[in-house]
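Student: I have a protein model open and would like to learn how to read it. Could you take me through it feature by feature?

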Amino acid sequence: MRVLLINPAPEHYTRARCAPLGVLSIGSYLQSKGHDVKVLNRAVVSTDIEAELDSFRPDFIGCSLLSVMAVKDCLMISKAAKKRNICVIWGGPYVSASPEMTLELGYIDFICLGEGEETWLEVVDTAEKGEDLYSIKGLAYIKNGKFVRNADREFMDLTLLPPIDYSLIDIQKTFYKNYEYDGIMGMYISKGCNGHCTFCYNRDFFSNCRRTRDVKLFIEEARLLKEKYGMKAIAFTDELFGYNKETLHEICNALIEADLGLHWGGMTKIGLFDKEDFELMHKAGCRWLEFGVESGSKNTLKRMKKALNPEMVEKDLKNCRDVGIITLSYFIVGFPGETPEDLKATCELVNKISYTKFVCSYFSPLPGSEIFDEVVSQGKYTPPKSIKECMKTRIFYSPKPNLSSVKSLDLKVVRCHILWSSFTKKSFIENGKLDYSVAKKDIVDVLKSLKGHGFKEGVIQFIASAYEFLDIFFYGNFFPHIVKKYGLDLKEKK
Ligand code: B12
Ligand code: SF4
């Protein structure tokens with residue numbers, strides 16, 4: 001069977017070049033079972049979709065959706081596919097959480113819920129035999145006007161997966177730069193997380209189940225990417241890199257033994273590792289780590305079920321700094337029930353760890369998370385009733401809905417001030433080698449995106465990026481009384 005898998009171009013987004021591992025993992029699996037696969041990475045390279053469909057003539061197309069921002073591109077592609085009578089399947093975290101609403105858009109035959117590899121294989125094998133697809137586990141669809149959700153599929157044993165075939169995408173165009181590291185490729189070694197954070201999609205998507213791939217196979221993938229394609233660094237996309245000391249040591253020792261000379265970074269949890277573990281990570285090539293800190297308020301952290309406290313954050317980030325690992329801390333402002341006192345506690349923590357890079361987002365209820373169910377059942381939040389309605393909400397520019405008891409303007413100023421300080425930060429590590437590296441990187445990302453997507457798309461991207469930049473600049477700098485009210489003090493300590 002011929003399968004065309006698509007990583008769409010999201011709207012209003014400076015297209016980061018991270019490899020589309022979802023479609024690559026599915027594509028590599030199908031290829032290893034003898035199917036003919038093509039991947040279009042439209043987040044990096046725009047192509048004429050009608051021409052692609054006519055030349056490849058797929059039996060199936062699959063679109064991967066991480067967020068509502070990808071719907072417009074996927075809908076355009078699906079319309080073109082349906083004109084040619086091609087079976088259309090959408091998958092990914094976004095549509096897995098809202099299958100019924102998504103199917104109402106039309107032009108989609110099936111939604112694949114959760115992990116896609118096994119479901120896809122069963123779909124193409126069943127179609128090859130000429131049988132119908134309606135009883136396949138993990139699929140949702142509309143039949144006779146009614147929404148049908150088949151039984152969930154069990155999580156697969158990841159050690160059964162073949163190596164990922166990165167040559168399905170344009171590898172050179174997918175390499176990107178972050179911090180001082182160039183030639184970075186997104187890779188993954190595990191899926192899922194055992195955490196219970198109430199705002200996270202992990203509960204429904206992975207049922208908190210975490211699994212690791214075959215580490216030896218991963219090392220061979222990395223070796224090939226380095227030796228054949230010139231990869232210099234890896235950005236691990238795992239929800240929870242390392243997981244526990246034993247797994248972390250296994251991965252680090254395998255990297256040390258392989259002696260690939262690669263630098264890498266990933267996302268992990270506060271409170272899992274000690275200084276010796278961070279030293280081992282550094283020895284194995286780790287140069288940056290990202291942590292979901294989320295808040296400095298013990299109350300908010302408890303309600304988020306984060307299983308951490310501000311003291312643990314300070315300890316881990318300091319240990320990383322001491323061993324030479326750059327850190328990035330994620331925060332959320334406007335969490336349901338957050339008070340001005342809670343926000344002050346967050347600002348206090350931010351001041352103490354001002355040497356890290358920050359990402360600060362407004363809270364947004366994510367379908368599939370515990371807090372989403374809670375605020376909906378309490379009548380505090382009415383979710384959009386259609387995907388078209390979701391597409392109109394711009395969650396990034398203002399705290400909508402604001403379910404905290406902090407004024408929206410205050411949330412905006414605190415968030416923008418933290419982001420602005422991170423954007424103009426001179427150094428992440430004590431010796432301060434990286435002058436304004438964040439600002440430079442962000443500007444280069446915008447320019448690359450403009451160059452890669454043609455004039456009209458480029459202008460739209462430019463306006464969206466400029467709007468976001470001005471929003472952060474304005475609210476981050478022109479409300480000093482609000483910054484003072486929350487005790488934020490980042491300027492002196494860069
Ligand atoms: C790398 C990454 C990105 C990259 C893009 C990667 C890409 N595809 O091009 C960048 C940095 C650009 C990005 C951006 C965003 N991201 Co992001 N991202 C990730 C991250 C860290 C890894 C994704 C990955 O590679 N996973 C590994 C692969 C193997 O798993 P997978 O992608 O889930 O794919 C499997 C299944 O989803 C399914 N599947 C996927 N696609 C398809 C398609 C078909 C047809 C089928 C059948 C099945 C299927 O099968 C796959 C194989 O098992 C995840 C967290 C995570 N660890 O998964 C967040 C994550 C996906 N991102 C998320 C979000 C919110 C965003 C943004 C909205 C962030 C923002 N505020 O701007 C944007 C949206 C951009 C967009 N395209 O719409 C959320 C999505 C939550 C949700 N919707 O429920 C996640 C889960 C993080 C989180 N914990 O909240 N992201
Ligand atoms: S630690 Fe991260 S991935 Fe795990 S449940 Fe919490 S937010 Fe989700």
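Student: Which helix does L75 lie in?

Tutor: Helices here are DSSP runs of H or I with at least four residues, strands are E runs of at least two, and both are numbered from the N terminus. L75 belongs to helix 3 (residues 71-83). Before we go on: this is a predicted model, where local features need pLDDT of at least 70, side-chain atom pairs count only at pLDDT 80 or more, and totals for chains, interfaces and linings use all residues. Residues are numbered from 1 along each chain as its sequence is written, while chains are lettered from A and ligands numbered from 1 in the order in which they are written.

Student: Is L75 buried or exposed, or partly exposed?

Tutor: You count C-beta atoms, placed from the backbone: a residue with 20 or more others within 10 Å of its own is buried, one with 12 or fewer is exposed, and anything in between is partly exposed. L75 has 19 within 10 Å, so it is partly exposed.

Student: What does L75 touch, leaving out residues up to four places away in sequence?

Tutor: Touching means that the C-beta atoms of two residues, placed from the backbone, lie within 7 Å. By that rule L75 touches L105 and Y107. Y107 is 32 residues from L75 in sequence, yet their C-alpha atoms are 7.4 Å apart in space.

Student: How is the protein divided into domains?

Tutor: Domain bounds come from an automatic or database domain assignment. Here you get domain 1 (2-149) and domain 2 (175-485), with 27 Å between their centres, taken over C-alpha atoms.

Student: Which residues of the largest nonpolar core touch the most other members?

Tutor: A nonpolar core is a set of buried Ala, Val, Leu, Ile, Met, Phe, Trp, Tyr and Cys residues joined through C-beta atoms within 7 Å. The largest one has 127 residues, and I111, I234, V333 and V414 touch the most other members. Helix 17 (residues 408-423) gives the most to this core, 6 residues. Both domain 1 and domain 2 put in at least three residues each. Take V414: not counting residues up to four places away in sequence, its contacts are V333, L343, C347, Y486 and L488.

Student: Which residues of helix 11 are buried?

Tutor: In helix 11 (residues 275-283) they are F278, L280 and M281. Look at the arc, meaning that of the directions from the helix axis to the C-beta atoms. They span only 155° around the axis, so they sit on the same side of helix 11. Their cover includes helix 10 (245-258), strand 14 (286-294) and helix 13 (310-323).

Student: What surrounds ligand 2?

Tutor: A residue is near a molecule if its C-beta atom, placed from the backbone, lies within 6 Å of it. For ligand 2 that gives C193, G195, C197, C200, N202, E239, L240, K269 and G292. Ligand 1 is surrounded by 40 residues, the closest being G22, G62, S64, G91 and G116. Helix 1 supplies the largest share of the shell around ligand 1, 5 residues.

Student: What is the phi of R57?

Tutor: Most residues other than glycine have a negative phi, and most peptide bonds are trans. R57 is not a glycine, yet its phi is positive, about 50°. You'll find R57 in the loop between helix 2 (49-56) and strand 3. Likewise, K305 is not a glycine and has a positive phi of about 55°.

Student: Which residues does a cis peptide bond join?

Tutor: K400 and P401, with omega about 0°. P401 is in the loop between helix 16 (387-392) and helix 17.
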